[in-house]
Amino acid sequence: MKKRVVIIGAGPAGLTAGIELLKRSDHEVKILERDNIIGGLARTNDYKNYKFDIGPHHFITEKPEIEKWWKDLMGPDFIKHHRFTRILYKKKYFNYPLNGLNVIRNLNIFECVSCVLSYVKYRFFPIKDIKSFEDWVINKFGKRLFNIFFKTYTEKVWGIPCNKISSDWASQRIKGFSMSKAIFYAFFGKWFKKNAPRTLSDEFYYPPNGSGQLWNRVADNIKSNNDGDILLNQNVVSIKHNDGQVNAVLTKNNNNAESSLLNRYNAQSFLSSMPLQALINALKPLPEKKVLDAANSLVYRGLITVNLVIDKENIFPDHWVYIHDKDVKMGRIGNMGNFSEGMLGNKKHSTLSLEYFTYVGDEIWNASEEDLIALGKKELSVLGIAKEEQILDGIVIKSPEAYPVYDENYQEHLNIVLGYLSNFSNLNLMGRNGMHRYNNMDIAMLSAFKAVDQILLKPDFDILEKSITSETTL
Ligand SMILES: Cc1cc2nc3c(=O)[nH]c(=O)nc-3n(C[C@H](O)[C@H](O)[C@H](O)COP(=O)(O)OP(=O)(O)OC[C@H]3O[C@@H](n4cnc5c(N)ncnc54)[C@H](O)[C@@H]3O)c2cc1C
């Protein structure tokens, strides 16, 4: 009898694990997905033939094995782009990656000198006890540059002051990047592109029909295998375990929210990419209070994208623009048509995806679709990007757990949760929220490779009762 692996979540991590298991073993693979669409945060939504990612998802990696995996899968449908992105600050556009002359022109010479003096000051007198993101960045770049290029945008993303964000986030996201490198690449970058740190890399790949096209292709390969299956609208709400082993997960069908009937999926091994907080709260029996409290202290930042169709061709040249201005709430604008013409339902239009970072339950999260579209229109006009009357249509997408937050105490809570979960012999964690790691698609995939190794390299254990989709109640 074949062994079964149940995978929670059909985002990049879950789909990668699924296809790798099918390639490398004869296990049966069942992927359970809460939403009615695959791809997780990397999906592409279709609205009247206009396509929108959840914030544009470009494909870029420092891992050659991941790049090869993508290229083998996509063949000619994986198109190289030269990135063009800028920062909008005080009505001026700064090229990103920074360009020396462009910075000097935009900031004026006095501001530039202040930035250099501030940088020199912190090189000689650095903050000794680096606790926060703010301390980390100031030591690397000086206070003036921190205020211009890091503070406003970072606070928009996280919704907490920079001095309350853990320095882990900076060291993970901006690692290998320093003032000397920033200046070097600002002036000489075009001759040394190959060695640029990832954050400065100016090339990426993108499929013609959105990032979701790649994940749909993985899903099609899984479904075309007799041993592979992906079930949508299956929200995992209960995880049964005893003696350090998970026996089954129970799902609620999102199509039938009123019903108290649950579907049961038994398996020998389980892989999870669902958020750790929800995972811990779904365990039956529940863990001790200390673990529950730690899980419930993990914080997630939500994202609202206001996706607009504009009656103007090629509205601006960027793939995306970071909005550092304080007078508007949006944090970034993705210009989907510049990723691929295939994203546009009508080539005479442009489509913009405005990103609003938020916490579930706050004012902007609770705002209606109509109000959010009105906000988007107004802010585009404040920024001088489009007039309200040029905006023809729009759709709002809300993602409650877009970012695992690295607040001051997250590591302590995470250690408790991960320590507890490591006691399960047949449950492996992977992915972004599945591990509470601020990861891109490539790293989520690597974590899936690792989780698959853990299953395949483990000695056999007892085959548990095998019965699927037997209906039961909580
Ligand atoms: C705005 C934004 C822009 C980004 N841009 C890029 C980029 O340009 N390049 C890049 O490489 N990465 C980018 N990322 C990161 C990328 O989205 C993630 O790294 C990737 O999606 C992580 O994959 P995952 O499978 O771990 O998680 P997810 O994509 O979150 O997938 C998890 C899946 O699990 C499902 N799930 C959750 N709970 C349950 C449950 N209880 N039961 C069943 N299913 C459940 C979810 O519905 C989801 O489908 C971006 C992220 C954001 C938010």
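I333 is buried, with 27 other C-beta atoms within 10 Å; buried means 20 or more such neighbours, exposed means 12 or fewer, and partly exposed is in between, with C-beta atoms placed from the backbone. This is a predicted model, where local features need pLDDT of at least 70 and side-chain atom pairs count only at pLDDT 80 or more, while totals for chains, interfaces and linings use all residues. Residues are numbered from 1 along each chain as its sequence is written.

I333 sits in strand β17, residues 332–335. Helices here are DSSP runs of H or I with at least four residues, strands are runs of E with at least two, and both are numbered from the N terminus. Leaving out residues up to four places away in sequence, I333 touches W320, V321, I323, L352, S353 and L354; a contact is two C-beta atoms, placed from the backbone, within 7 Å.

Next, helix α6. After α6 comes G159, with a positive phi near 70 degrees.

Of that cover, take α4. Its axis and that of α6 are 6 Å apart, at an angle of about 120 degrees; axes are lines fitted to C-alpha atoms, for helices over the stretch in contact, and angles run from 0 to 180 degrees between N-to-C directions. That makes α4 oblique to α6, since under 35 degrees is roughly parallel, over 145 roughly antiparallel, 65 to 115 roughly perpendicular, and the rest oblique. On the α6 side, K143, R144 and L145 meet S114, C115, S118, Y119 and Y122 of α4.

D243 and H436 are not glycines, yet phi is positive, about 50 degrees for D243 and about 55 degrees for H436. D243 counts as exposed, with 7 C-beta neighbours inside 10 Å, whereas H436 is buried, with 25. The K284 to P285 peptide bond is cis, with omega near 0 degrees.
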